[in-house]
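Visitor: I'd like to go through this entry piece by piece. Please put it up, and I'll ask as I go.

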Amino acid sequence: MKQKISTWLSERYPMDQVKSFAKKQAGKLLPPHTSWWHTFGSLLIFLTLNQIITGILLMVYYRPTPETAFESVKYITTKANFGWFIRGLHAWGANIMIVALIVHMLRTYVMGAYKKPRELTWVLGVLLFGTVLTFGFTGYLLPWNQLSYWATVVGTEITGAIPFLGEGLKILLRGGEAVSGETLSRFYVVHVVVLPWVLVGLVVMHIILLRTQGLSPLEPVGSEPKLDDNNAIRFYPEHLAKESVIFPIFFAIMVAIVLMLPVELGEKADYFSTPEGIKPEWYFLPTYQLLKYFPKLLGIFVSFIPMILLFIWPFIDRSPFRHPKQRPVSITLGIIALVIALFFGMVGYLSENTFTFFGKKVHFDIYGVPRNAIIQSDSEKHGIHDSEKTKEENTEKK
Ligand code: HEM
């Protein structure tokens with residue numbers, strides 16, 4: 001029977017070519033240092049598939065208009081069969097994907113895998129990173145709740161400060177002067193149609209480069225050893241075995257998080273009431289906080305620098321060495337960049353929030369400076385909310 005099916009297929013489809021292609025790919029040799037850290041790339045493919053599948057399922061009930069968006073997400077979360085679970089997998093999956101992206105970037109950075117001839121693999125990676133962040137930005141608005149609405153107001157406002165193009169870009173993004181139903185349908189189309197195609201296209205190009213160039217060795221550029229059965233491992237079965245362990249582990253972690261920390265919905269967007277402590281998603285916090293310390297235009301310039309540096313890094317770091325021990329300057333710079341990002345992210349998280357430390361209330365102002373909580377209580381007594389204070393402080397700054 002099996003033979004019959006195989007013959008039937010071979011007469012109609014180039015099965016031999018498919019088989020020999022799969023065999024060639026499975027038998028690829030990988031450098032001997034290939035480790036668990038090298039599984040994060042394929043984990044990202046797995047997480048991308050999770051986002052696509054759960055995203056399609058959410059689209060069955062989601063309705064992208066200001067009148068229906070919030071209600072449809074509420075329906076998904078409270079009434080649709082397993083809707084809360086699918087939504088949880090999608091929302092948490094996005095966060096976990098960004099964590100996995102950062103780990104993958106760090107691993108390729110530390111191992112000098114962006115060096116010749118893999119500069120374009122890195123550049124495609126940075127584009128992928130930007131695409132995933134844009135997924136996060138556009139997806140955040142879709143539930144149409146207070147936080148998502150006002151975070152989009154602030155986020156799109158920032159683009160308005162870009163010289164010459166800014167105002168036009170802001171109107172293009174919003175579909176008008178204000179964030180409205182027009183913005184929602186634009187973000188929806190970009191989120192469910194444009195970005196998935198861009199992501200899949202970039203991933204395919206990234207993988208083609210990887211498969212043709214092979215994984216980077218740790219030896220310096222120009223002295224790479226030729227891989228053979230004595231100094232390499234095979235993709236199948238050795239590396240694939242690691243991947244088939246890491247996927248279920250991550251999926252189990254995701255399911256556990258979805259069960260323990262259900263995604264909240266909050267209140268429906270209200271054009272006339274600005275909520276307190278508007279914050280973007282955690283991965284935008286470092287940029288969001290940085291922008292507060294500079295006048296708008298300078299702030300945009302300063303926050304663009306890390307992205308540009310990341311993009312052109314393989315063309316700046318021209319040393320042939322790949323092993324981290326031989327690259328003290330690159331590694332130190334990488335650590336400094338990471339510490340700065342973590343610092344501003346942390347300050348961004350603390351800012352405009354009140355926390356209790358050892359029984360004492362501490363309020364952090366918009367710049368993340370700790371103040372006595374009494375100050376906040378006083379302002380509360382006078383009916384001044386954080387967001388209003390922020391507006392006042394920003395006006396004073398201008
Ligand atoms: C959705 C996003 C991404 C996917 C699906 C993906 C996928 C992969 C896969 C499967 C590998 C091979 C295995 C491994 O090294 O883990 C890889 C390698 C690589 N990736 Fe990515 N990647 C993504 C994002 C990125 C980003 C953001 C960067 C950096 C900015 C990047 C840079 C690289 C480099 C330089 C290599 C070559 C590693 C080597 O030769 O050792 N990738 N990627």
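This is a predicted model: local features need pLDDT of at least 70, side-chain atom pairs count only at pLDDT 80 or more; totals for chains, interfaces and linings use all residues.

Visitor: Fine. How many helices and strands does the protein chain have?

Guide: The count is 15 helices and five strands. Along the principal axes, the C-alpha atoms of the protein chain fill a box of roughly 80 × 55 × 50 Å. Of the 398 residues, 39% are buried.

Visitor: And which domains is the chain divided into?

Guide: Domain 1 covers 34–350 and domain 2 covers 354–398. Their C-alpha centres are 31 Å apart.

Visitor: Now strands. What order does the open sheet of three have?

Guide: The order is β3-β4-β5, and the pairing is antiparallel. β3 (353–357) and β5 (370–372) are at the edges with a single partner strand each, so one side of each has no neighbour in the sheet. From one strand to the next, the twist averages 40°.

Visitor: How many bridges join β3 to β4?

Guide: Five, with β4 spanning residues 360–364 and the two strands running antiparallel. In one of these pairings, Phe355 has Val362 of β4 as its bridge partner.

Visitor: What sits in the loop between β3 and β4?

Guide: Phe358 is in that loop. Its phi is near 50°, a positive value in a residue that is not glycine.

Visitor: Is Phe358 buried or exposed?

Guide: Phe358 has a relative accessible area of 91%. Exposed means over 50%, so Phe358 counts as exposed.

Visitor: Which other non-glycine residue has a positive phi?

Guide: Phe82 has one, at about 55°. Phe82 lies in the loop between α4 (69–78) and α5. With a relative accessible area of 56%, Phe82 is exposed as well.

Visitor: Switching to peptide bonds. Where is there a cis bond with omega near 5°?

Guide: From Lys116 to Pro117. Pro117 is in the loop between α5 and α6. Another cis peptide bond joins Tyr236 and Pro237, with omega about 10°. Pro237 is not in a loop but in helix α10, residues 235–260.

Visitor: On to the ligand. Which of the residues around it come nearest?

Guide: There are 23 residues around the ligand, and the nearest are His38, His104, Arg107, His206 and Ser216.

Visitor: What do the polar atoms of Arg107 do there?

Guide: A polar side-chain atom of Arg107 is 2.6 Å from a ligand oxygen atom. Ser216 comes in through its backbone instead, with an N or O atom 2.8 Å from an oxygen atom of the ligand. For His38, a polar backbone atom is 2.9 Å from a ligand oxygen.

Visitor: Which helices supply at least two residues of the shell?

Guide: α3 (40–59), α5 (83–110), α6 (119–141) and α9 (181–213) each do. α6 gives the largest share, with six residues.

Visitor: And what is the make-up of that shell by class?

Guide: Twelve residues are nonpolar, nine are polar and two are charged.

Notes
Residues are numbered from 1 along each chain as its sequence is written. Side-chain values use heavy atoms; hydrogens and water are left out. A residue is near a molecule or strand if one of its heavy atoms lies within 4 Å of it. A polar contact is a pair of N or O atoms within 3.5 Å; within protein, one must be able to donate a hydrogen and the other to accept it, and residues adjacent in sequence count only if both atoms are side-chain atoms. Helices (H or I, at least four residues) and strands (E, at least two) are DSSP runs, numbered from the N terminus. Ala, Val, Leu, Ile, Met, Phe, Trp, Tyr, Cys and Pro count as nonpolar, Asp, Glu, Lys and Arg as charged, and the others, Gly among them, as polar. Two strands pair if DSSP finds at least two bridges between them. Axes are lines fitted to C-alpha atoms, for helices over the stretch in contact, and angles run from 0 to 180 degrees between N-to-C directions. Domain bounds come from an automatic or database domain assignment. Buried means under 20% relative accessible area, exposed over 50%, partly exposed in between (1.4 Å probe, protein chains only).
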